[in-house]
Amino acid sequence: MMTPSATAVVGLQWGDEGKGKIVDLLAADHDVIVRYNGGANAGHTVVIDGDRYALHLLPSGILSPDRVCVVGNGVVVDPQQLLIEIKSLRERGREVQPHQLLVSDRSHVVMPYHKEHDGALETVLARAADHGDENLSIGTTRRGIGPTYADKVHRSLAIRMGDLLDKAVLRRRLDIVCAIRSRELEALGVDAPPLDAAALATEYHALGEQLAPYITDTVYALHDAVRAGKRLLFEGANACLLDIDHGTFPYVTSSNCSTLGIPPGTGLPGSVIAETVGIVKAYGTRVGEGPFPTEDLGASGERIRERGHEYGTTTGRPRRCGWLDLVAVRYSAMVCGCTSLAVMLLDVLSGFETLKLCTGYRLSDGTVTDRFFPDARKLAMVEPIWETMPGWAEEIDSITSEDQLPAAARDYLDRIADFVGCPVQIASVGPDRVQTIRMTEAVGA
Ligand code: IMP
């Protein structure tokens, strides 16, 4: 029997809610920080003492000394990117020691041909749409995420981190993989010489050697940690509405980014989780294609984008912006089993005379529902039902306690908690660690 003691942190919208900051804060109360899904498509920005760290693969907890960070078997690892992040931390005086970072030998490797395939397929599909076909492009980050997970599910052509350590095994596999992938890339219109298995084997074996001190069986390491009474913190990448099974399919990513991905992505049973913190941005954003019922294409959306610096950490793309969709958030909180909420970027809403919240959907036949549709085609047909609340004029990015919150901001948090049925325990009013209000009396409790 395992006593539940772990915490999970998960985004409840379409990503970029500010999970990195909360993981970084909670890391102080935990011993082991674990990523269970996704890859370098995720982007966490953490600001410490005014210093900005942009991480894609390393768990945000890596910035807290004396914490062990685990990249679980459910993650897809781009070894080049991982080494870039380790090196950039080293250059800023934060050496990543082998005991500080454990990378699963079973996590799958993002190879260059995965990235090429991702980009080429997106281009072909977007071009087809330009010629009048249905737009089937997803608007991916082009980081090779989908093709790598596809190889995992296909099995035969997959390469796992452990495979990088045996050059002969890697070479034999790549001989076959490169022959097949070269033909596929050519069919997708990639104008490049055929993939060179020998060169790739040499390059990726060398990357594996550099990462070898970190590569291990993380499943045993995690079970050992739990048995030793260590507190685990699961850091979800991407977000619940991008979950391959429970998000707005097909405009999702290729992993289970809800908390339901924790057991398969780590080898731990879900029963270890005691608390799940749902991260909610105070408004809505989305990157890439797919329905976004509360999107605001006018001045309010533009104002949110500029005040919130809503440009992608990973791709630099401007994010689509709009109002908070409580129907969607309540659905995600249900799927993820949230026990509390952290509301992020509340400061961005200062200065709006009124705020809009979506509390239901009107369907094309006129009926009304407060249930979410995790299916892009159905969600694209809904019209939001709005509730409006008074805004607040004051800037709130320098306040430090909940009693300094304007009454309207407090009411806004209350409404979120009431609708979602989950207390708000943290309100964030800026990127820095100090710009965090811990609600002593959880709103909605
Ligand atoms: P992929 O994960 O690169 O395949 O992209 C699939 C979809 O998920 C695209 O719409 C991306 O913009 C979106 N996406 C993936 N990761 C994130 C994230 O961390 N934040 C926001 N959107 C993401």
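**Figure 1. Lining of the largest cavity.** The residues lining the largest cavity divide into 4 nonpolar, 3 polar and 1 charged. Here Ala, Val, Leu, Ile, Met, Phe, Trp, Tyr, Cys and Pro count as nonpolar, Asp, Glu, Lys and Arg as charged, and the others, Gly among them, as polar. The model is predicted: local features need pLDDT of at least 70, side-chain atom pairs count only at pLDDT 80 or more, and totals for chains, interfaces and linings use all residues. Residues are numbered from 1 along each chain as its sequence is written, and side-chain values use heavy atoms, with hydrogens and water left out. The lining consists of Q13, W14, Y283, G284, T285, W323, L324 and D325. The volume is about 30 Å³. A search of the whole structure finds 1 cavity of 30 Å³ or more. On a 1 Å grid over the protein atoms alone, a cavity is a set of points where a 1.4 Å probe fits but cannot get out; a pocket is an open set with protein on both sides within 12 Å along at least five of seven lines; lining residues have an atom within 4 Å of a point. Grid points are joined across faces, edges and corners, and a volume is the space filled by probe spheres set on the points.

**Figure 2. The second largest pocket.** Its volume is about 290 Å³. The lining has 13 residues, and E134, P250, Y251, A376 and R377 lie nearest the centre. By class, 7 are nonpolar, 1 is polar and 5 are charged.

**Figure 3. Surroundings of the ligand.** The ligand is surrounded by 16 residues (a heavy atom within 4 Å). D16, N41, T141, N238 and T253 are the closest. Polar contacts are pairs of N or O atoms within 3.5 Å; within protein, one must be able to donate a hydrogen and the other to accept it, and residues adjacent in sequence count only if both atoms are side-chain atoms. A side-chain N or O atom of T141 is 2.5 Å from a ligand oxygen. For N41, a polar side-chain atom lies 2.8 Å from a ligand oxygen. V287 uses a backbone N or O atom, 3.1 Å from a ligand oxygen.

Figure 4. S255 sits in the loop between β10 (232–235) and α8 (262–266). S255 counts as buried because its relative accessibility is 4% (buried is under 20% relative accessible area, exposed over 50%, partly exposed in between; 1.4 Å probe, protein chains only). A polar side-chain atom of S255 lies 3.5 Å from the backbone nitrogen of G38.

Definitions and conventions: Helix = DSSP H or I, 4+ residues; strand = E, 2+ residues; numbered from the N terminus.
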